[in-house]
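Dear colleague,

I am handing over the structure below, and after it I set out what was found in it. Please read the notes with the structure open beside them.

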Amino acid sequence: MKKYLKYFFVFIFFLVLFYLSPISGDDWGNYIVGSSGLRSSLGVALGMYFDWEGRLISRVFINILTYHKWIWNILNSLLIVGLVFVSEKIIGMDKKCNVKTFVFPLSLLIIFCMNIYTFSETMVWLAGNITYFFMVPVVIWYFYYLIINDKYNKWFSFIFVLINLFGTMFVENMGMVLVVGNILLLIYKYICNKKIDKRIVVYLIISIFSMTSMLLSPGTRYRNSIENIEFNKLNIFEKVMYNLPKFVYYTFIINSYLLVLLSVSNYLIINKKIKNSKIKYSLIIYMLVIPLFTVFIYPLSELKSTFLDFFINTNVFIIIYWLSYLVITLYLLFIENKKDLKIVLLYLIGLVSNGVMLVSPTWGFRTSLFTYIMLCIVSLYVINKYIKSIKYFVYSGYCLLGVFSLFYLVFYINIFRCQNNLEKSIKKQL
């Protein structure tokens, strides 16, 4: 009971938070659709598949859960608990290293410390949450389970078929995570076992079929024909070059918590694995100075300060730096885990979500969610491996968690009060 009590408190906290958060924006349109019943919800989703978008499965959930928000409150809280739980499992994959006490608060801070715009678009906005977050814990668990298990029963096989069939039709970049992730998983299994895993081949075929059904839906093709016309005329190379600044911005610059975790994990690997002192200290300076500097500069830019904007504006030097940072981090993870490439595989899978966005015109805080979460988990895996569970470190994590919890609770209590006053005002005017 003591072991799992912390998850119960996380569930209750987010259940309260989501109860306090109102529906907003185009959620009201989805609310009206859901109020007409299940048949209408399914019909509208199917109609949009032919008229506007291929995200059939997420649209069904949006229509139903926006009207029945209490179900969404529970389901979303459970998914966050599931994310923290599977994060701890991944971080403890190395059987030689037990999961330290500080891992729980640091894993939960992945949610609390995400960019505030990302939080608003993927945690409390129902349409954004269902589209961009619902599949994140599921997909992470899917890859974690298949990485550590070669044998599993038929019921799990059935669940994995469903994940690949329906999970790809939530949002495009998450669908591509399943497709490309399955390919990377096949390669990994072949390297480990010297044979092709036929079940993963089946999952790959299903995910490709489902992904194709979404991308080539009549609605998606019609929408592409009237939106982003100039972007669609570019070739692949031109699209990638056009999107590189956005890739850097949404992968690194906006994610201060990720930069802190990556800085710590990279430092630990460099300090442990690089023997040449000149190379070691050069790498430490190269891999730590700009990321930690960005952590302080980015909040100032949000306050409209122009102080040292050079480090957050995606100019050519900053783009080259962060691309080299990606490659060096990959190399450091490789030399850290030569005999066991699990964490390298998860790092690559994490990059897929933002990587495929390089050929997409539609960037935003919400599209970077999966990459942010996966890279945080990878960093925490390294940190857990090297840092002992020191009391002040544990206390610091829980104190920070307490501060953020209080901030969000007070913030959404005020939002709840404002919403109630607004509704009273509307009734009075009517």
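The number of salt bridges comes to twelve, a salt bridge being a side-chain nitrogen of Lys or Arg within 4 Å of a carboxyl oxygen of Asp or Glu. This is a predicted model, in which local features need pLDDT of at least 70 and side-chain atom pairs count only at pLDDT 80 or more, while totals for chains, interfaces and linings use all residues. Residues are numbered from 1 along each chain as its sequence is written, and side-chain values use heavy atoms, with hydrogens and water left out.

One of the salt bridges joins Glu-88 and Lys-6, whose closest N and O atoms are 3.3 Å apart. Because Glu-88 belongs to helix H5 (residues 69-91) and Lys-6 to helix H1 (residues 2-20), the pair ties together parts that are 82 residues apart in sequence; helices here are DSSP runs of H or I with at least four residues, numbered from the N terminus. Glu-88 is buried, at a relative accessible area of 8%, whereas Lys-6 is partly exposed at 28% (buried means under 20% relative accessible area, exposed over 50%, and partly exposed in between, with a 1.4 Å probe and protein chains only).

A second pair to look at is Arg-223 with Glu-53, where the closest N and O atoms are 3.7 Å apart. Of the two partners, Arg-223 is partly exposed at 26% relative accessibility, and Glu-53 is buried at 8%.

Asp-197 and Arg-199 also meet through their side chains in a salt bridge, at 4.0 Å from N to O. Salt bridges that share partners, moreover, join Glu-53, Arg-59, Arg-223 and Glu-227 into one network. To return to the previous pair, Asp-197 is buried at 13% relative accessibility, while Arg-199 is partly exposed at 27%.

As for confidence, the chain averages a pLDDT of 91, and 97% of the residues score at least 70, pLDDT being the predictor's confidence in each residue, from 0 to 100.

Lastly, Lys-275 is found in the loop between helix H16 (256-273) and helix H17 (277-302), and at 70% relative accessibility Lys-275 is exposed.

Terms used. Helices (H or I, at least four residues) and strands (E, at least two) are DSSP runs, numbered from the N terminus.
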